[in-house]
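My notes follow in the order I looked things up.

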Amino acid sequence: MRFIIQRVEEASVTVDHQIIGAIQKGYLALIGISQDDTQEIADKMIRKMIGLRIFEDENGKTNLSLADVGGALLLISQFTLYANCKKGNRPSFIDAGKPEMANALYEYIITECGKSVPQVEQGRFGAEMKIQLINDGPFTILLDSDTL
């Protein structure tokens with residue numbers, strides 16, 4: 001499982017010219033799910049993401065968590081995080097989770113995050129989405145379950 005986490009001042013997702021999710025201060029997280037991912041892996045990734053201390057404290061040090069700043073989450077399913085570009089110029093996505101399984105894990109992640117984060121917004125699985133954000137910092141982190 002891979003999460004690209006961007007600390008944002010604001011972010012939104014639009015489908016068919018309609019905003020379906022929007023947050024102010026918090027994280028925009030792009031979520032890639034592989035064929036081998038499980039709820040246990042998702043739980044580990046969620047704990048790590050929510051526990052990250054990447055917001056600045058009164059001394060300008062990245063020492064505060066999402067909860068410390070009252071931040072929100074915008075979670076976007078992103079199968080292209082498992083693009084394999086080793087052969088040729090056209091990426092292969094054979095390592096990405098099959099849609100039914102990946103959607104179930106994506107929904108599980110949304111539900112679990114909602115248990116500890118008051119505002120959790122989401123994209124639409126499998127939809128053509130337009131994402132807008134103001135990256136704060138910029139501050140972007142890659143979490144990969146293979147390296148945690």
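**Entry 1**

I started with Val8, which is buried because its relative accessible area is 0%; buried means under 20%, exposed means over 50%, and partly exposed is in between, with a 1.4 Å probe and protein chains only. A note on what I am using: this is a predicted model, where local features need pLDDT of at least 70 and side-chain atom pairs count only at pLDDT 80 or more, while totals for chains, interfaces and linings use all residues. Residues are numbered from 1 along each chain as its sequence is written, and side-chain values use heavy atoms, with hydrogens and water left out.

Val8 is in strand β1. Helices (H or I, at least four residues) and strands (E, at least two) are DSSP runs, numbered from the N terminus. I listed what Val8 touches, skipping residues up to four places away in sequence: Ile23, Gln24, Lys25, Gly26, Tyr27, Leu28, Leu133, Ile134, Asn135 and Asp136. Contact here means heavy atoms within 4.5 Å. I also checked Val8 against Leu74: they are 66 residues apart in sequence, and their C-alpha atoms are 9.8 Å apart in space.

Is Gln6 buried or exposed? Gln6 counts as buried, because its relative accessibility is 16%. With residues up to four places away left out, Gln6 touches Gly26, Tyr27, Leu28, Leu133, Asn135, Phe139 and Thr140.

**Entry 1: nonpolar cores**

I looked up the cores next. A nonpolar core is a set of buried Ala, Val, Leu, Ile, Met, Phe, Trp, Tyr and Cys residues joined through side-chain atoms within 4.5 Å. In soluble globular proteins, nonpolar side chains tend to be buried together.

Which members of the largest nonpolar core touch the most other members? Of its 28 residues, they are Phe3, Tyr27, Met49, Leu75 and Ile109. At least two residues of this core come from each of β1, β3, α1 (39–51), β4 (53–56), β6, α2 and β8. The largest share, seven residues, is from α2.

Apart from neighbours within four places in sequence, Leu75 is in contact with Ala29, Ile31, Met49, Tyr106, Ile109, Ile110, Cys113, Val120, Glu121, Gln122 and Gly123. There is also a second, separate core of 12 residues, and Val8 turns up there, along with Val13, Leu30 and Ala72.

**Entry 2: salt bridges**

How many salt bridges does the structure hold? I found four, taking a salt bridge as a side-chain nitrogen of Lys or Arg within 4 Å of a carboxyl oxygen of Asp or Glu.

One of them pairs Asp144 with Arg2, with the closest N and O atoms 3.0 Å apart. This pair links distant parts of the chain, since Asp144 is in strand β8 (residues 130–144) and Arg2 is in strand β1, 142 residues away. Asp144 counts as buried because its relative accessibility is 12%. Arg2 is partly exposed, at 23%.

Another joins the side chains of Lys115 and Glu112, 2.8 Å from N to O. Lys115 is exposed, with a relative accessible area of 61%. I also noted Lys130 with Glu128, where the closest N and O atoms are 3.9 Å apart. Lys130 counts as exposed at 52%, and Glu128 counts as exposed at 63%.

Which residues does a cis peptide bond join? I wrote down Gly137 and Pro138, with omega about -5 degrees. Pro138 sits in strand β8.

I then checked phi. Asp16 is not a glycine, yet its phi is positive, about 50 degrees. Asp16 lies in the loop between β1 and β2 (18–23), and is exposed because its relative accessible area is 66%. His17, also not a glycine, has a positive phi of about 65 degrees. His17 is in the loop between β1 and β2 as well, and counts as exposed at 84% relative accessibility.
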